[in-house]
Amino acid sequence: MGFFEILQSIIPIALFYSAPLIFTALGGVFSERSGVINIGLEGLMVMGAFVGIVFNLTFADTLGKATPWVAIVVAMVVSALFSLIHAVAAISFRADQTVSGVAINFLALGLGLFLTKQWYGKGQTDMVSQPFYSTNIPVLSDIPILGPLFFERVYVTSYVAILFAVIAWYILYKTPFGLRLRSVGEHPMAADTNGINVYGMRYIAVMISGALGGLGGSVFALTIALNFSHATIVGQGFMSLAAVIFGKWHPLGAMGAALFFGFAQSLSIISSGIPFLADVPAIYLTIAPYVLTILALAGFIGRAEAPKANGIPYIKGSR
Amino acid sequence: MKKNRFLLLLTLLLAVGLVLSACGSSEEGDNASDKSTDNGGTEGTDEGTENTEEASDIKVGMVTDIGGVDDKSFNQSAWEGLQAFASENGLSKGQGIDYVQSEKDADYLPNLTRLVQQDYDVVYGIGYLLAPAVEKVAEQNPDTNFAIVDSVVEADNVASITFQEHQGSFLVGVAAALKTESKKVGFVGGVEGELIKKFEAGFIAGVKSVDPSIDVTVQYADSFGAPDKGKAIAANMYNSGVDVIYHSSGGTGNGVFAQAKDIKNANPDAYVWVIGVDRDQYEEGAIGDTNVTLTSMLKRVDVAVKTVAQQAADGEFPGGEILAFGIKEDGIGVADTNKEAYTDEIDKVVQEYKEKILNGEVTVPSTDEELKTYLESLEQ
């Protein structure tokens, strides 16, 4: 296999693998930047996957080709509402944010499976008839060399994810709203004295994370799993959380981390066909993302510094 | 104040949990009874005429794993087997046969014990997940007979129901070899180990029996629940020219189907096929008017469950034995739902090999060593 062919096998796989992780990791960035730890990303993805699949199954006949797109929007809305549980518990009631995030994870899976059994009378749904399909992106796929590598037979959702990452970076770092959101996560009391509604900002941030988590979950379900069962989302939410940390709580960093995870995963699968990699046991490439995240946390790869007030409930008037 | 609020939250959560779980059991009860009347009705008309023997007084129960009794897979198949047994022996749900559904892993032990306490003579544990629980309960209740599906429990009162998956894999391997045009086929496994090795060895042997020059690519996903990895592996295999993939990887296989359908969507003339596993995966392969599922390797849990129940009713319960259901017992089969792809010509050759396995002409390998010897014997 030549170098070009290798790239041509690796990149499309890395792209579709990363897309759900990018969306969800961006959600994690928003939530944690505002000072609310979101262990519940996994649960939000489950919710998104469940809603995306159910909506798709129900409306595939009426909406036709547009079904998956509408489905991911609906999944975003429902997951944003679902994340309110986490927001209420963690922000208003000042519950332990890790505990309430874990509760989200349990609740989403339990609820999803319970409703699947109620509505479809079995442990898993049927496969959707209108999933996302890969396409050649017009114009761009005609570019020599780069075209076939990046724009042939890819999922549009992968590029939506990258676009979202750039938008998220712009919002967080270039707008007043973003500044307020970050200040609430760094020093909520200072923000409060400046007239920023700390609770309001945090609520908004958690709901954005819910929407993006739901988006990630539904994109995963509609491109990769195609149905909903107990095994649809297993660990992708935690991978995204790892991407948030590995990306140092920065939207573009999180995107890079997610893309890197996809790349490592893809490489571990392709490696058997690549001369110099064939001798490396695939397991090393498979565990690479986790090892790197631990190294990042341990401070070996630059300093991974969390927002200062991350995980600390804000109590108005306390010093 | 802070503490009070937290307590309030906790109470609310518990209350919600209570309400939800209360809904759960009652609704499920309804479902179950609906279902059994449905099935009872149809089975009754089918078998009603034969139903002349006297109702036997045996009580047979089963405990599902977390998939539930209507999972379209092992649990459902097992329950269908019990129902078939019941209608032949004049029994019905609640009158001789019954099932208990497990909501979580921790339910296995209490569910098994519950059936024992209700004086069931034979209690099935469906799925390897129940093996430890069956082992424990069987030890505590030496007078009750147990059966475990898809696993082995060593005890005098436990019958272990296993399948000769390598035989079925051999047959779908034959089908794959006849279907491939590129002379390249692929095998996607869940987690490498003794069990999935049987699938792999049988499949390779089947392929090579038809045409030793066909290349078989084998890759494991290291998980039964990673559709993303399954899709990536399938993408890589199809890219490299493989046109038939046999997956034996549970939920990971969803990704294989997703990739095959994606290729088919981009190019309706693309020549890509998937072979399903455990049950008929025809529905998973549907895309528009076509279907990428060539065939599926079927494990007939229903046949196995029914056979063992009948043996118990006849007073010949195979306690302490390891039963290996294969082609001979009709415990393993090959799906022929996709008539367009799985043509009569293919079926004819598959049936020939089935005969050869039955009359002992072909002994299907189930391990790497056996496969090696088998392939060497082919070369001669």
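User: What should I know about the model and its numbering before I start?

Analyst: The model is predicted: local features need pLDDT of at least 70, side-chain atom pairs count only at pLDDT 80 or more, and totals for chains, interfaces and linings use all residues. Residues are numbered from 1 along each chain as its sequence is written, while chains are lettered from A and ligands numbered from 1 in the order in which they are written.

User: How many helices and strands does chain B have?

Analyst: Start with the terms. Helices (H or I, at least four residues) and strands (E, at least two) are DSSP runs, numbered from the N terminus. Chain B has 11 helices and 15 strands.

User: What share of chain B counts as buried?

Analyst: A residue is buried if 20 or more other C-beta atoms lie within 10 Å of its own, exposed if 12 or fewer, and partly exposed in between; the C-beta atoms are placed from the backbone. Chain B has 380 residues, and 51% of them count as buried.

User: Which domains make up chain B?

Analyst: Domain bounds come from an automatic or database domain assignment. In chain B, domain 1 covers 54-163 + 300-331, and domain 2 covers 165-298 + 343-379. Taken over C-alpha atoms, the centres of these two domains of chain B are 30 Å apart.

User: At what angle do H1(A) and H2(A) pack?

Analyst: Axes are lines fitted to C-alpha atoms, for helices over the stretch in contact, and angles run from 0 to 180 degrees between N-to-C directions. H1(A) and H2(A) (residues 41-63) pack at about 130°, with axes 11 Å apart. That makes H1(A) oblique to H2(A). Angles under 35 degrees count as roughly parallel, over 145 as roughly antiparallel, 65 to 115 as roughly perpendicular and the rest as oblique. Thr24(A), Gly27(A) and Gly28(A) of H1(A) meet Leu41(A), Leu44(A) and Met45(A) of H2(A).

User: How do the axes of H1(A) and H9(A) cross?

Analyst: The axes of H1(A) and H9(A) come within 7 Å and cross at roughly 170°. The two helices, H1(A) and H9(A), are therefore roughly antiparallel. Their contact has 14 nonpolar, nine polar and one charged residue.

User: Why is H10(A) called largely enclosed?

Analyst: H10(A) (residues 236-246) is largely enclosed by the rest of the structure because 10 of its 11 residues are buried. Among them are Met239(A), Leu241(A) and Phe246(A). The buried residues of H10(A) pack against H1, H2, H9, H11 and H12 (282-298) of chain A. Just after H10(A), Lys248(A) takes a positive phi of about 55°.

Notes
Contact = placed C-beta atoms within 7 Å. Nonpolar A, V, L, I, M, F, W, Y, C, P; charged D, E, K, R; others polar.
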